[in-house]
Amino acid sequence: QVVLAVVSGLPLGIYDPGSHRAAMKLTRVGLLFCALGSAVCHAAQQSQGDRTITQVVRLLQDLLEKSKEEGDVERDLYAKYKCYCDTSEADKKAEIDSLSEEIAILESKIDELQASTGGLSQEVAKLDKDIAANKQAAEEATAIRKKENEAFLALQKDLKDAIAQMKSAIKTLSEVGADQTLATAADHKQYMAGHEGAALVEVKNTLRQALLAANAFVSPKQAVVVDAFLQAPFTGTYTAQSGEVVGILKNMLDTFEANLAAAEKTEADQLAAYDKYMEELAKALVEMQAAYQSKQSELGGNDGDLATKRGQLDVAVAAKAEAEDFLARLLEMCAAKKKQYEERVALRTNEETALAEAIA
């Protein structure tokens with residue numbers, strides 16, 4: 001009772017453990033008396049020269065001092081822990097911001113690469129079609145050129161054969177005096193000298209072949225003359241009809257020679273145009289193939305860059321998620337430590353207040 005009275009601040013004569021005031025005091029110091037029990041018992045057995053209250057006061061002062069020292073240590077430890085929390089929070093938030101920026105940049109780069117890849121794919125597809133069209137155009141032009149040349153060669157042969165036949169027929173008719181433009185044809189009675197029998201038949205066949213070739217190119221009026229001449233028996237002597245036929249043959253010869261010259265010029269022009277066109281196609285093909293290879297290389301580079309950027313994005317996203325998870329757990333842990341520290345500070349303050357009041 002002496003210890004309780006001293007701790008409660010009540011005079012020894014009026015201390016009543018059951019009173020309301022004593023109960024309040026006991027509540028404030030709480031379990032402190034349990035800690036003091038053994039110390040008080042020990043103090044009661046000390047030298048008879050020290051008064052009991054003095055010993056209790058010293059004990060309470062030691063406890064108060066120790067509590068303050070422990071409070072200082074705990075405050076320093078919490079300050080360091082809070083510094084760790086604040087620093088870690090700031091670092092993680094900065095890391096998250098940096099990763100967010102990196103993710104945004106990577107996503108933008110990936111979008112650009114995908115857009116570039118889409119554009120390049122379209123260009124490559126178009127170049128592929130253009131190259132195929134170029135080759136097809138070259139094949140078609142070559143086929144047309146071949147047909148033109150074959151047609152020209154056939155026409156050239158026909159015209160040369162016709163020209164040879166015309167010349168032979170005109171020469172044959174000239175020999176019988178049908179060509180009145182020659183001095184030797186003045187005598188209308190001239191007979192074909194040196195042409196008898198089988199030779200006469202050969203001359204007749206030559207004339208028929210030439211006239212048949214010319215018949216397709218003469219006017220209707222001239223055709224009548226040619227047909228009549230062909231139907232009449234050929235005697236080898238000059239007639240007025242023969243002279244008219246010679247004129248027709250000469251006109252046909254001029255026509256055939258002009259047609260041959262025109263055909264040869266057309267063939268030369270077509271060949272030159274074909275060569276120029278093929279040269280342009282070949283040049284365009286080389287350019288398109290070079291562009292195709294270049295675009296394909298860019299596509300390959302884009303594929304590699306896309307794979308790299310996507311890998312970097314996955315790493316950044318995972319790192320950000322990990323940092324955010326760490327930050328959430330850090331904030332929760334720091335908040336819990338803060339709450340614990342504040343509760344201990346409050347408890348310690350109450351204890352120190354109770355001790356101070358008890359000492360007083």
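Student: How many salt bridges does the structure hold?
Tutor: The structure holds 16 salt bridges, a salt bridge being a side-chain nitrogen of Lys or Arg within 4 Å of a carboxyl oxygen of Asp or Glu. This is a predicted model, where local features need pLDDT of at least 70 and side-chain atom pairs count only at pLDDT 80 or more, while totals for chains, interfaces and linings use all residues. Residues are numbered from 1 along each chain as its sequence is written, and side-chain values use heavy atoms, with hydrogens and water left out.

Student: Which residue does Glu74 meet in a salt bridge?
Tutor: Arg348, with an N to O distance of 3.1 Å. Glu74 belongs to helix H4 (residues 52–175) and Arg348 to helix H7 (residues 240–359), so this pair ties together parts 274 residues apart in sequence. Helices here are DSSP runs of H or I with at least four residues, numbered from the N terminus.

Student: Buried or exposed, those two?
Tutor: Both Glu74 and Arg348 are buried. Buried means under 20% relative accessible area, exposed means over 50%, and partly exposed is in between (1.4 Å probe, protein chains only).

Student: Now Glu148. What is its salt-bridge partner?
Tutor: Arg145, and the closest N and O atoms of the two are 3.3 Å apart. Glu148 and Arg145 are three residues apart in helix H4, so about one helical turn separates them.

Student: And how accessible is each, Glu148 and Arg145?
Tutor: Glu148 has a relative accessible area of 27%, so it is partly exposed. Arg145 has 7%, so it is buried.

Student: What about Lys320, which residue does it pair with?
Tutor: Lys320 forms a salt bridge with Glu324, where the closest N and O atoms are 4.0 Å apart. The two are four residues apart in helix H7, so they too are separated by about one helical turn. Lys320 is partly exposed at 22% relative accessible area, and Glu324 is partly exposed at 37%.

Student: Different topic. Where is Gln156, and is it buried or exposed?
Tutor: Gln156 sits in helix H4. Its relative accessibility is 17%, so it counts as buried.

Student: What does Gln156 touch?
Tutor: Leaving out residues up to four places away in sequence, Gln156 touches Leu260 and Glu264. Contact means heavy atoms within 4.5 Å.
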